[in-house]
Amino acid sequence: ASLVWSVFSHFVDPGNIGNAAADHTGWATLIALLGVFLMNGLLIATLTGWIDSHKEKWLKGEVTYFRPSMQRHYIIIGGNDMVAGIVEQIFRANKSTWWRRILSLLFKPTILIQTSRDVEKFRMELFSNLTEREQRHVIIYYGNRTSDRDIAKLQVRNAKEVYIIGEDVRSDDTESYHDTMNMECLELIRKHLGDGHKKLTCHVMFEYQTTFSVFQYSEISNNIKDCIDFKPFNYYDSWAQQVLIGRTEEYLPLEGAEGIDADSAKQVHLIIVGMSRMGISMAINAAHLAHYPNYASKGIRTKITFIDKAADEEKDFFMGRFKDLFALSHWRYGNVEGEEIKWDNTYTPTEEYEHLGGDFLDIEWEFINGSVGMKAMQSYITDASNNENSIVTIAICLPEPNRCLAAALYLDRGVYDKVNQILVYNRYGDSLVTQMTHKNGNQFNPYHNKMRAFGMAYKFYNLELMKEIAYVANINGDAYNFIKNTIVREFGEIDEGKDRYGKSQAAKAWSNFYSASTAWCKMRSIGLSEKRRLTANEVDILAKVEHARWNMEQLLMGYRPLSAEEQSEVTKDMTKKNPKKSEMAHLDLCSFERLSDIDKVVIRYDEGFSKIYPLIFDGLKNGCKKIEEEELKNILGITKQPKTE
């Protein structure tokens, strides 16, 4: 053998000494001994040490690397208890169609998660909810979402979608700045995207309702908007929408499965136990959604009742946040005295608002100060449930899950027979309520089909529902544009404050979202079960419902109606509509009847949104089928595309 090969053979295998020539035995022995120490000692020890060190770093989330599949990967920033639900939704979305299911068998999406928690502990929690195949497509990094260096590791320029969730607010003191940190993270992502990048969808979670509501009517900076499709959401709001819209199988809508028509004598009554964040979100979303035809025909309002042992204080915060809403609403405040509720304060809109059409809001409010366990409270709930003209839903939203369940079980047995449903908030899981409410054959169970858990962290985001709402919102947006072009053609362009601060694109998008969320309620109210043209009466009914909904939406988003003097000034010259938009005031905040007098042209929007429901019904039935422009214009009564300058 050659000299090099001989040296290598003796170095890696001392057993080759016997093959050495007699005059080379000494050298062979020396080389073999060096091999024993260097090869078997240092080299193998170094390799095993490197492997152990790499494994430890991997367990801690400190190993960063690149995969070809990460060219279009999903990024989740934050390691709280909601992540498992988002991961599950991403995998499910990639199996939504037959061709996606085939692709998912070959190429599952890579999901990159960054957290500042203990990565090993977080991995064990997360992987307990995933299959082995799914686990192989999840990568976990350790990092801080406000660190420029850690964000750089995520390769955001190659990402398909980003979810900025944050860490657990309840166990991490630094997360008291949760919403601020999430926005700092968004700015860092913008920095790493650079200029000229295709818009990246970023879902940003806001823990606090007040912060979230700001981004519902305020536009984000152009610097971020140019390359990021900013989608804010809130855990409590997401759950309230799932529960109240009535689109999922688990929960009934507030009006029940049948709906409420214009001739119905029924009143929807939502009783919320606990003015917690979840309780407030349930109330706000119910105010957005619970609008029915029998208000215009019979004057029956939806009633929202808060029960809380600190309602006297929480009421002031809530009403202070929505001053203009409560100036126009019926509301009353009660306090428990002995075994009765004494109504200390009752408010009815004053004559000051007669120029708006008088008393025109279709939601009324109650605040009751006291614990739900008090006899007076139990009597109130029982009486409300026994009212044959009330459809009662009870939402128990106390902060502690064990207290929520206890409050539900404490209700009178007869309540379970009469109410629409009893919703029990539990962030940590639904198995306890599920086992309590199961039914085996003909077994009697008073809780069956009435008590339902909600608020579970791992189920908080329903991508399928959001997809359907976005589908309806897009159709509404197209209809709005067609109707607007027709109005411009007939009456000319109307100055709605172009040179002033008008309504932001964010506010318009959320207005579309909330309008779309009521689609199922409206279709139930007219019994729409097939694709057909609506009658003129049905269009009129739905137009009035839509305007009532819009009034509530504007007030909840911080807009106010015009004063009598302002209204009189504007109606003198309608070519300069809404001069007060910069002050978040709107001419059309008034009753439907008054709208016919001061701005009758705008009623075309409400009527147009109503006419398209047969198309929406058919489109949803067929998996969000695309609606052709000609079909949409035809049902709106637009024979040809209006020309605009």
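Reply: Happy to! Cys 624 is buried, with a relative accessibility of 18% (buried is under 20% relative accessible area, exposed over 50%, partly exposed in between, with a 1.4 Å probe and protein chains only). This is a predicted model, where local features need pLDDT of at least 70, side-chain atom pairs count only at 80 or more, and totals for chains, interfaces and linings use all residues. Numbering starts from 1 along each chain as its sequence is written, and side-chain values use heavy atoms, without hydrogens or water.

Gln 155 is another non-glycine residue with a positive phi, about 55°. You will find Gln 155 in the loop that joins helix 7 (148–152) to strand 4 (159–164). Gln 155 is buried, at 18% relative accessible area.

Now for the helix pair. Helix 20 (residues 463–491) packs against helix 26 (residues 603–611) at about 140°, and their axes are 10 Å apart (axes are lines fitted to C-alpha atoms over the stretch in contact, with angles from 0 to 180 degrees between N-to-C directions). On the helix 20 side, the contact includes Asn 476, Tyr 480, Lys 484 and Phe 491; helix 26 brings in Arg 604, Tyr 605, Gly 608 and Phe 609 (contact means heavy atoms within 4.5 Å).

Conventions. Helix = DSSP H or I, 4+ residues; strand = E, 2+ residues; numbered from the N terminus.
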